[in-house]
Amino acid sequence: MTNADTHVGTAAETPGPSGATAQEARLPYRIEIKDLNIYYGDFLAVEKVNLAIEQRSVMAFIGPSGCGKSTVLRTLDRMHEVTPGARVEGQVLLDGQDIYAPNVDPVLVRRTIGMVFQRPNPFPTMSIYENVVAGLKLQKDGRHRGRAMDDIVEQSLRGANLWEEVKDRLSKPGAGLSGGQQQRLCIARAIAIQPEVLLMDEPASALDSISTLAIEDLIRELKSQYTIIIVTHNMQQAHRIADNTAFFNLAGVGQPGHLIESGPTHVMFNNPKNQQTIDYIQGRFG
Amino acid sequence: MGDATNDPRVPEGTVVLTASGAGGPGGPTAGTLDVDPDRLTGRRLPRYAAWVCLAVTVAVGVLVRITGITIIGLADWVVALAASFIGYTAWTLVVEGRRHAVDRLATTAIYAAAAAALVPLFWILITLVVKGFSVLSWDFLTSTMRNVNPRAEGGGVAHAIVGTLEQVAIAAVISVPVGILTAVYLVEYGRGRLAKAISFFVDVMTGIPSIVAGMFIYTFWILTLGFPTSGLAAGLALSILMVPVVIRATEEILKIVPNELREGALALGVPKYKVILRIVLPTAISGIITGVMLAVARVTGETAPLLLTTFLAQDMNGNPFSGNQASLPVFIWDQIQRGTTASLDRAWGGALVLIIIVMIFYAGARVLAAIYAPKKV
Amino acid sequence: MSAPVREPSRADSPPAITGASVRPGDRNFRFLTTWSGILVLVILATIAAFLVWKSIPSLTTDSVNPLTYQAWAPDADPPAWGMSVLIFGTLWTSVIAMVIAVPIGIGAALFIAFYAPPRLATGLGFFVDLLAAVPSIIFGLWGLYNFMPQVVPFSEWLATYLGWIPIFSNEKELYTKSIMIAGMVLAIMILPTVSAISREVFLQVPKGHIEAALALGATRWEMVRMAVFPFSRPGMISAAMLGLGRALGETIAVALILSAVFEINWQITEPGGNSVAPNIALKWGEAGANGRSALIATGLILFFITLIVNMTARWMVNRRKDFSGAN
């Protein structure tokens, strides 16, 4: 694998990571998407996506409903194929390794790339503590026991800004928390398995505004350690938290979605090059 | 004023106030006076209508009873009910109009249907309790029919209780794993033709008459394969009836486990089989237990397949793998066939024990479901 | 390429994601569940094949037409037996059961769904379900010794005053152990099935339809006719069909109540008649090899009749799902 540094163009333009961070030492790309076509059965849902995502940054996917932004996100940890009949063509490179290569175990991919969903989904049969360590326990490597496990729970809950709120009731069911707390519990659960990348599919869309701000603060903190890709329908949110932004759109119902333009967030919002992006950013549709 | 109230745009009965209202004689009240006082209350039967009907029913009943005059031989209470029913409907028709008469007629019929559905249940339960408890004793529960003249008094159901519990346990041990695993296949893995075929034939299996299941086990297990008649054969026959019930019940429950839980676990890098075993099944366990217990309760009362597979024994046979074994339903069947007062008493006693066992399974289903349900607090 | 230990500097070592694309645990578990499903298919195929195989000897040696002949002597020489009496009796008792149970069951379901106050409705639903838990042997016992004596006067009344209708006429002047009493007990047994499924269907009627009908000024019965029945008709039919499926296969209660006379008997108030499943239960013990084969043949026919009824019911339910617009 030699293309870890290859500069991959996008459909519309070729914004490099160099733009905003030219002075800093260039970090290699964490994820590269190459000529990705995504299908549900025979239906081509998303066509020809090429995109590169830097490490330890926040990338936001924006676009109107149905444009395929969530679909693209789900291909990045091979969750797309969980849907019956769903498949992809093309490559997704994680540090140069194609996660769709035949010898790749999707389970290991998902241990490297964590995911947080639109609606908080703590496991209803488990306590808060068990929820946080669910990933580790069910992965069946007996490395973590007792105190080590306790440490991981505390670190993960602190990492998700939830520790102070729940430290006295770790044995209570996770389903008893508020919506915002449940979502942070899910983030704690995701970071407990120490992934490299965190995918977030509209993580705040089911939450009230205070919980949303808490999640956004958390995302800003997490990016010092993780590469974060977040799907959002909220452009202000993308503006607030993302370093880079990718805009997806589709020509019409039944047409495949496309990546229209991507680049540093401030460029995308102040100086977009594509007319569709300008229209969307200015709120003319979507 | 008058013009305004006749204006088609103004809803009938609206109080119309105009600038001239204060000046015109009777102006402010003109609108309200036009309103039909029954506009909202309608013409309804008076509140005492139901009491009148009751009185008519009693009066007609007493009259028929005393005079003995009746119509085409109907019983007094039937004539009384019919008279008040017809009178009530006619009254509604005159006072409230056809639509409301039909509505009252339908309401009466629906109330009557609900009552008619409950009458046999209470009739059966009361008969069972009254006749059963007069027989039930510690002796009845702990002795067998060994050395008891089946036409005379004495004896008990201990051997039948043991047989029923063992046969149902065998059926459950076979059907629960097969049923749950098949349901897991249908919900979690099944796509394409095989899944469709299995799903279709599970429906087919649901329709197997219980006597056919018994016939099959007898000819296949006992005649062709040469195994002896035993409680095991009975358990096998019962499991044919139980498997499709467990599959359908489990399938329904697994389908309502939210997909988000599966995805959440998969995204943590948990292999799919562990997602099913550690997340999906524990979430669904309370519903699965309910389904299994209801299936157990259903096969506990089956008689026909047992008649053909394990027959009857008058003595205790604790070993379900060899020899005839008694069971409560076949015990009851046998005692009815004997036809003496003593044997019928035993049949009622056995029936009460059987229904108590079935009720314990039902109650157990509720208790276990509550214990295993996911907790919120 | 392989870096099992995760370095603090994340950029340097690519994560280890290669491995078997299918894990052994997944493969084994999938194998187990798939074969469990296949086992169900195998069992059913064995049952069907076996019943067919075992019924062939009696069908080939029968000296008369096994479908139309009206006597039962399969162990005679030559064997002479037919199942028309049995099939007639099964259908005739089930029809009577349906005529009684469907209106009452649907009426009770309407009461629970739309007429009763919520607490009463819950209790009533529970009691109707409880009726489903009563074993059929108990229905038989109760039907024979408690129910039948109460129905006999009604049978007499029917024969006396409505005897001019052929099915009610009664020349034998005997009123016990009749097709009608068996049908009535069957009706009580299938009532919970009809009622519970109808109730489920009624509860799925969209609230909007109901409120729209009431808002138009409909009476409650008009609401039921306008909003509830059109939406739930297929579900109600399938409830009736599933009840019918249960009535057709019922053995023990009918075996106890109906006097086993081998003749086609239209007169529902007279004793006598027969039915497939009870006939098997009563004749199995004393039957010889050919007799059992003949009984298996009748069981096979019963299985097919039940199958067609159940399939029709499911088909109607599934069809409703497709275009109900409920979701």
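Trainee: Why is helix H11 (residues 259-267) of chain B called mostly covered?

Mentor: Seven of its nine residues are buried, and buried means under 20% relative accessible area (over 50% is exposed, in between is partly exposed; 1.4 Å probe, protein chains only). The buried residues are Leu261(B), Arg262(B), Glu263(B), Gly264(B), Ala265(B), Leu266(B) and Ala267(B). The model is predicted: local features need pLDDT of at least 70 and side-chain atom pairs count only at pLDDT 80 or more, while totals for chains, interfaces and linings use all residues. Residues are numbered from 1 along each chain as its sequence is written, chains are lettered from A and ligands numbered from 1 in the order in which they are written, and side-chain values use heavy atoms, with hydrogens and water left out.

Trainee: Why is the pair Arg99(B) and Glu222(C) called a salt bridge?

Mentor: The term requires a side-chain nitrogen of Lys or Arg within 4 Å of a carboxyl oxygen of Asp or Glu. The closest N and O atoms of this pair are 2.8 Å apart, so the pair qualifies. Across the interface of chain B and chain C the rule finds two salt bridges. On the side of chain B that touches chain C, helix H5 (residues 98-135) of chain B gives the largest share, 22 residues.

Trainee: How many residues of chain B are in contact with chain C, and what area is buried between these chains?

Mentor: Contact means heavy atoms within 4.5 Å; 82 residues of chain B meet this with 78 residues of chain C. Buried area is the accessible area (1.4 Å probe) lost when two parts are put together, summed over both. For chain B and chain C that sum is about 7200 Å², 81% of it on carbon and sulfur atoms.

Trainee: What is the buried area between chain A and chain B?

Mentor: About 2200 Å² is buried there, and carbon and sulfur atoms give 65% of this. In chain A, the residues losing the most area to chain B are Phe123(A), Pro124(A) and Leu138(A), together 26% of what that side buries.

Terms used
Helix = DSSP H or I, 4+ residues; strand = E, 2+ residues; numbered from the N terminus.
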